[in-house]
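Hi,

Here's the structure I promised to pass along.

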Amino acid sequence: MRIPYVLIASAAILLLFTSSYQKAETRSQQMKSAFIGEAPPPTEPPSLWYRQPASEFTQALPLGNGRLGAMVFGGVDEERIVLNEGTLWSGGREDADRPDAAKYLPEIRRLLLEGKNAEAEKLVYANFTCQGKGSNRARGRGVPYGSYEMLGNLRLRFAGSSSEVRNYRRDLNLSEAVARVAYEQGGVKFQREVFSSAADQAIVIRLTADKPGRLAFTAKLDRPERAEITADGANGLLMRGQLNNGTDGKGMKYAARLRVLNRSGEVRVVENAVQVQNADEVLLLVTAATDYQGFAGRRTADALAASVVDMNKAVAKTYPALLAAHRRDYQRYFNRVSLTLPADSATAAKPTAERLRDVANGVSDPSLAALYFQYGRYLLISSSRPGGVPANLQGIWADTLDTPWNGDWHLNVNVQMNYWLAENTNLSELHEPLFALIASLQEPGARTAKLYYNARGWVAHVITNPWGFTAPGEGASWGSTTTGSAWLCQHLWDHYLFTRDKEFLKRAYPILKGSAQFYADMLIAEPKHKWLVTAPANSPENGFKLPDGSVAHVCMGPTIDQQLLRYLFDACIESARILGTDAEFSRELAAKRARLAPTQIGSDGRVMEWLEEYPEPEPTHRHISHLWSLYPGAEITPDATPQLAEAARKSLEKRGDISTGWSLAHKLNFWARLGDGDRANKLLTLLLTPVGSRGRVEGVQFQGGSYDNLFDAHPPFQIDGNFGAAAGIAEMLLQSHNGLIRLLPALPKAWASGSVKGLRARGGFEVDMAWKDGKLTNATIRSLLGEACKLQYDTVTRAVKIRRGAEWHYNQYRDR
């Protein structure tokens with residue numbers, strides 16, 4: 001993730017988030033003093049839970065059905081629920097490609113070949129970036145690139161009471177995807193239940209009290225701008241508006257509806273607010289829609305009509321029916337995988353925010369890692385469903401109109417990291433929205449490829465949005481990364497490796513081929529070794545020092561590009577072989593693959609990030625792109641390439657551990673692939689530390705961690721770290737690259753005993769395992785496809801043939 005618009009000094013940003021952490025602590029202490037009694041933990045783990053309402057977005061509880069998001073604050077006097085709709089974007093389609101860019105390409109390359117990187121970078125800035133303002137909203141709100149925006153707020157203002165609040169608890173049950181708020185006030189027990197139903201496309205909120213007639217509140221919808229709120233019948237509200245498209249102001253239309261259903265008491269609409277008096281029970285339903293007509297989503301042309309259809313469907317059901325349908329839909333994904341790690345009962349019984357603080361103070365809490373793993377799966381189920389758009393930088397949750405980094409899809413690690421857990425944690429169908437995005441980039445990407453590089457095929461650079469943006473970014477220092485599309489294509493091939501779905505491969509192959517065609521055309525020979533390299537290019541968001549001490553970013557053939565192209569060309573060649581097509585093109589790719597620059601080891605024993613051994617201005621940089629072939633690729637392994645694996649280890653040591661939240665997750669996966677479970681667990685522990693709780697670390701610009709609601713902190717909130725860490729926990733327990741299924745390849749000492757069920761391995765296998773005292777005791781391998789496999793545990797490797805639908809069992813005592 002690039003730094004937004006201006007470079008903020010590390011000391012300043014550390015001070016900002018340390019101050020924020022301290023203020024949150026103070027508020028928490030003040031709030032806690034007003035609450036009496038200590039509610040017990042939820043009886044149904046895995047759950048996040050708290051003894052105070054949220055005072056900030058990153059303390060609220062996230063709910064989602066893949067499209068409709070809600071953040072529950074749980075206030076006593078006022079409940080705030082932030083509402084989101086996954087396609088709600090400002091901006092619109094634009095022509096961001098420079099029509100004459102290609103004429104500058106020969107000169108840019110000449111300068112690079114002569115080692116004049118600074119001059120080449122200036123020329124890129126002037127003539128080889130996107131036209132227009134790009135994604136940089138700092139130049140003025142409402143640019144055509146657009147931004148993901150919040151839908152609005154639902155606020156419930158309760159009738160005032162001077163009574164103390166007793167036994168308050170706010171929790172999120174991950175096994176049901178239901179948030180609950182419960183407390184006692186004035187001798188009455190109040191409870192709220194909230195969920196976002198994919199089955200009924202509605203956010204459902206039920207309020208109850210254990211004494212009749214005690215529910216009284218006012219419900220309102222609001223939004224900071226571009227919203228008209230009116231009554232919607234005798235018991236509802238309608239909020240509608242149109243966002244700015246960056247040109248004539250007439251962008252996407254949206255509609256949100258609230259319906260309030262009561263048992264006893266009275267409901268009426270007064271001045272665009274719903275008033276509830278003397279009710280025993282109240283059910284609130286929220287539906288929403290947009291008129292987005294893009295690559296995915298429901299493509300509802302009339303947002304008002306679509307929100308009515310959804311509301312009528314939900315209103316026709318009872319609350320038990322709504323809840324039952326929601327549970328069935330959600331649990332068909334969530335219940336596929338379970339993970340148990342060592343738990344201290346006293347530690348595990350603490351509220352979630354207290355557990356984070358304990359970890360920061362050195363308390364070992366493996367069961368928090370298990371909770372975090374399932375939370376990552378929960379968040380993907382809640383933000384990415386078949387037919388929808390992919391999870392963005394914040395999943396589907398945002399509380400502003402100016403979402404950090406536009407809440408878009410960054411293609412140089414971030415959106416890919418969002419989906420690292422899709423296959424191995426048994427959520428394969430949830431990968432589909434990313435595939436839809438990739439397919440949608442072919443047409444605009446073909447135009448970009450032609451206008452900038454005069455190349456066949458298609459390309460996408462660093463950033464994209466629902467409007468098909470594929471041009472280079474507005475800054476040469478980061479926007480010249482050309483291999484975003486190659487990295488996206490890795491997900492297509494990896495899905496095939498897990499599923500062996502030949503029908504899917506038939507659909508994916510033209511996308512792979514088009515991407516490979518582009519890179520085959522844009523490669524040039526560098527002068528020293530005549531290797532084929534990309535040019536111009538960046539190593540994502542990183543720079544290097546030139547002999548005069550200046551810092552440059554535009555280069556030829558950064559290591560990540562060469563690694564990605566070897567993977568892409570191999571995937572394309574193998575796909576063509578499987579499908580029996582394109583033999584001539586495969587030969588072209590094989591010949592060019594053989595000439596790609598290799599991954600090099602520098603004089604200090606580290607993997608080189610660039611073709612030349614440049615000094616680094618920021619040795620602890622958050623991106624570790626040159627280790628792509630260690631993870632998520634698999635060209636570098638301790639067994640097959642021990643020298644490169646050792647060089648990768650030295651690279652990680654030099655980069656250091658502390659960084660942004662998503663970078664911590666990335667490093668966790670690297671150490672898992674190196675077989676170092678204890679170091680991977682250290683990275684996870686750093687991620688499970690409250691953001692802002694550490695002092696300054698010399699030379700480190702960003703210090704990530706977790707917010708109270710376990711959202712990943714870049715900072716600010718960025719969800720890729722949640723997804724990347726969940727994938728990394730799975731990699732610590734099971735790996736399946738290069739034709740070998742490795743059982744417990746990176747088990748840390750802290751996880752001495754445990755069990756996992758339902759992880760997926762490439763080749764169509766599902767794996768259950770149990771271990772004790774750090775040793776595997778039992779394993780069950782289920783074959784979904786009937787393919788042969790090789791299993792490795794510790795130093796023993798064995799070939800196993802399992803019939804389709806059958807199981808193979810390992811027992812410590814029988815098979816040792």
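**What turned up**

Let's start in the loop between β26 (712-713) and α21 (720-733), which is where P716 lies; helices (H or I, at least four residues) and strands (E, at least two) are DSSP runs numbered from the N terminus. The bond joining P715 to P716 is a cis peptide, with omega about 10°. Before going on: this is a predicted model, with local features needing pLDDT of at least 70 and side-chain atom pairs counted only at pLDDT 80 or more, while totals for chains, interfaces and linings use all residues. Residues are numbered from 1 along each chain as its sequence is written, and side-chain values use heavy atoms, with hydrogens and water left out.

Another cis peptide bond runs from Y631 to P632, with omega near 10°. P632 sits in the loop between α17 (583-593) and α18 (642-655).

Two non-glycine residues have positive phi. For R226, in the loop between β11 (215-222) and β12 (228-231), phi is about 50°. R226 is partly exposed at 34% relative accessible area (buried is under 20%, exposed over 50%, partly exposed in between; 1.4 Å probe, protein chains only). D582, in the loop between α16 (559-579) and α17, has phi near 55°, and at 23% relative accessibility D582 is partly exposed too.

Now the sheet. Five strands form an open sheet in the order β18-β29-β30-β31-β34, with antiparallel pairing (a pair needs at least two DSSP bridges). The edges are β18 (338-340) and β34 (807-811): each has a single partner strand, so one side of each has no neighbour in the sheet. From one strand to the next, the twist averages 15° (axes are lines fitted to C-alpha atoms, for helices over the stretch in contact; angles run from 0 to 180 degrees between N-to-C directions). β18 pairs with β29 (residues 754-761) over 3 bridges, and L339 has V756 of β29 as its bridge partner. Helix α21 packs on this sheet, touching β18, β29 and β30 (765-772), and its direction makes about 105° with that of β29 (contact is heavy atoms within 4.5 Å).

Helix α7 (residues 352-360) is mostly covered, with 7 of its 9 residues buried; R355, R357 and D358 are among them. Just after α7, G362 has a positive phi of about 95°.

How many aromatic pairs are there? The count is 31, with Phe, Tyr and Trp (six-membered ring) pairing if centres lie within 6.5 Å; planes under 30 degrees apart are stacked, over 60 edge-to-face, the rest tilted. Y330 and Y378 are edge-to-face, at 6.0 Å centre to centre and 70° between the planes. Since Y330 is in helix α5 (residues 319-334) and Y378 in helix α8 (residues 366-383), the pair ties together parts 48 residues apart in sequence. Y330 is buried at 2% relative accessible area, and Y378 is buried at 0%. Y567 and W628 are also edge-to-face, at 5.4 Å and 85°. This pair links helix α16 to the loop between α17 and α18, 61 residues apart, and both residues are buried. Elsewhere, ring pairs link W89, Y145, F295, W409 and F469 into a cluster.

Finally, charges over rings (NZ of Lys or CZ of Arg within 6 Å of the ring centre and within 35 degrees of the ring normal): R377 lies over the face of F334 at 5.5 Å from the ring centre, and K513 over that of F585 at 5.8 Å.

Cheers
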